[in-house]
Amino acid sequence: MLETLKYLIGSTGVSGFGSKSTAEEATETCPDLRSITAIITGATSGIGAETARVLAKRGARLVLPARNLKAAEEAKARIVSEFPESEIIVMALDLSSLTSVRNFVSELESLNLPVNILINNAGKFAHEHAISEDGIEMTFATNYLGHFLLTKLLLNTMMKTAKQTGVPGRIVNVSSSIHGWFSGDMIRYIGQISRSKSQYDATRAYALSKLANVLHTKELAQRLKQVDANVTVNCVHPGIVRTRLTREREGLITDLVFFLASKLLKTIPQAAATTCYVAAHPRLLNISGKYFADCNEAWTSKLGSNSNEAAKLWAASEIMVSKHAKAVFDPLSAFDYHHM
């Protein structure tokens with residue numbers, strides 16, 4: 001109850017920011033980012049677009065990978081019209097396709113660009129069941145697995161950039177508090193919904209993908225620490241964005257519901273605040289493996305803090321992104337996930 005009250009009134013946490021803080025406010029005291037290159041997935045609209053706009057305002061060079069290149073060019077044009085000095089590179093990437101991820105990284109490497117910040121922001125909620133070209137359920141493939149491979153393939157460049165510049169690299173995984181809605185056996189459920197739609201539930205699949213983002217952060221942070229990499233990884237819950245709501249009924253109860261919804265939901269500038277804060281604020285120097293909401297460290301679900309689950313998911317993910325993986329991932333025959 002106390003946390004809800006704090007959220008509603010926008011009270012600030014130890015960071016000095018809270019639920020009402022905007023991305024511009026959260027980065028106002030950040031150092032100049034003109035020597036920084038940031039890759040932001042899902043930056044053509046919504047939270048991703050605002051994240052890109054604010055980091056461009058702070059001087060960062062942006063790489064905007066997108067499936068819809070026209071939308072990405074339009075997003076670039078909007079930023080450049082506001083900040084004419086911005087350097088923005090638009091590139092093709094379909095996160096649901098592992099081949100597309102590999103092609104994007106190859107093309108990026110050919111440009112010899114440094115990579116300081118990677119923001120894995122893109123996400124989708126698939127109402128209808130679909131399978132990716134790699135045989136993986138589409139929500140999981142887009143929200144998590146594509147980002148897992150993208151991060152894996154960019155790590156060497158990020159570590160090299162950090163070593164050459166002395167500026168620590170930062171990876172930000174955009175998750176959601178909805179990750180706490182998933183319970184049960186993750187690997188088994190991935191296998192079930194990647195084989196048929198009979199077990200598919202759109203909300204559960206989305207929650208699973210967001211839990212995977214949390215566990216990816218946890219395991220990757222440990223691995224980066226083990227190799228003494230000057231790169232951190234953290235996870236964020238941006239909040240739920242306020243959209244234009246339509247009313248079908250009038251009355252006191254309806255008015256009350258809409259009033260409460262307007263207080264609980266965030267504007268896009270507010271929803272982008274935590275991502276920008278974690279990506280750029282000096283307070284986050286050397287902080288890794290944490291989960292943030294409203295620009296302050298927060299708690300994950302019990303499953304989201306389970307190191308064994310994180311290690312299990314990592315092992316399964318390595319199999320799924322393998323070039324020799326089966327057309328349809330089957331955890332029961334791929335490996336004995338109970339004994340990992």
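The following legends describe close-up views of a predicted model.

**View 1. The eight-stranded open sheet.** Eight strands form an open sheet with mixed pairing. Across the sheet, the strands follow the order β3-β2-β1-β4-β5-β6-β7-β8. The edges are formed by β3, residues 88-92, and β8, residues 296-297, each of which pairs on one side only. In general, the strands of a sheet pair through backbone hydrogen bonds, in either a parallel or an antiparallel sense.

View 2. Strand β7 comprises residues 291-293 and pairs with β8 in the antiparallel sense. Two bridges link β7 and β8. Within this view, Phe292 stands opposite Glu297 of β8.

**View 3. Helix α5 against the sheet.** Helix α5, spanning residues 98-110, packs on the sheet. Its contacts are with β1 (37-40), β2 (61-66) and β3. The direction of α5 makes about 145 degrees with that of β3.

View 4. Helix α8 covers residues 202-226 and lies across β5 (169-174), β6 (231-237) and β7. Relative to β6, helix α8 runs at about 160 degrees.

View 5. Ala26 belongs to helix α2, which consists of residues 23-26. Because its relative accessibility is 0%, Ala26 counts as buried, the cut-off being under 20%. Leaving aside residues up to four places away in sequence, Ala26 touches Phe17, Ala273, Tyr277, His281 and Cys295. Thr274 is 248 residues from Ala26 along the chain, and the C-alpha atoms of these two residues are separated by 7.6 Å.

Conventions: Residues are numbered from 1 along each chain as its sequence is written. This is a predicted model: local features need pLDDT of at least 70, side-chain atom pairs count only at pLDDT 80 or more; totals for chains, interfaces and linings use all residues. Side-chain values use heavy atoms; hydrogens and water are left out. Two strands pair if DSSP finds at least two bridges between them. Helices (H or I, at least four residues) and strands (E, at least two) are DSSP runs, numbered from the N terminus. Contact means heavy atoms within 4.5 Å. Axes are lines fitted to C-alpha atoms, for helices over the stretch in contact, and angles run from 0 to 180 degrees between N-to-C directions. Buried means under 20% relative accessible area, exposed over 50%, partly exposed in between (1.4 Å probe, protein chains only).
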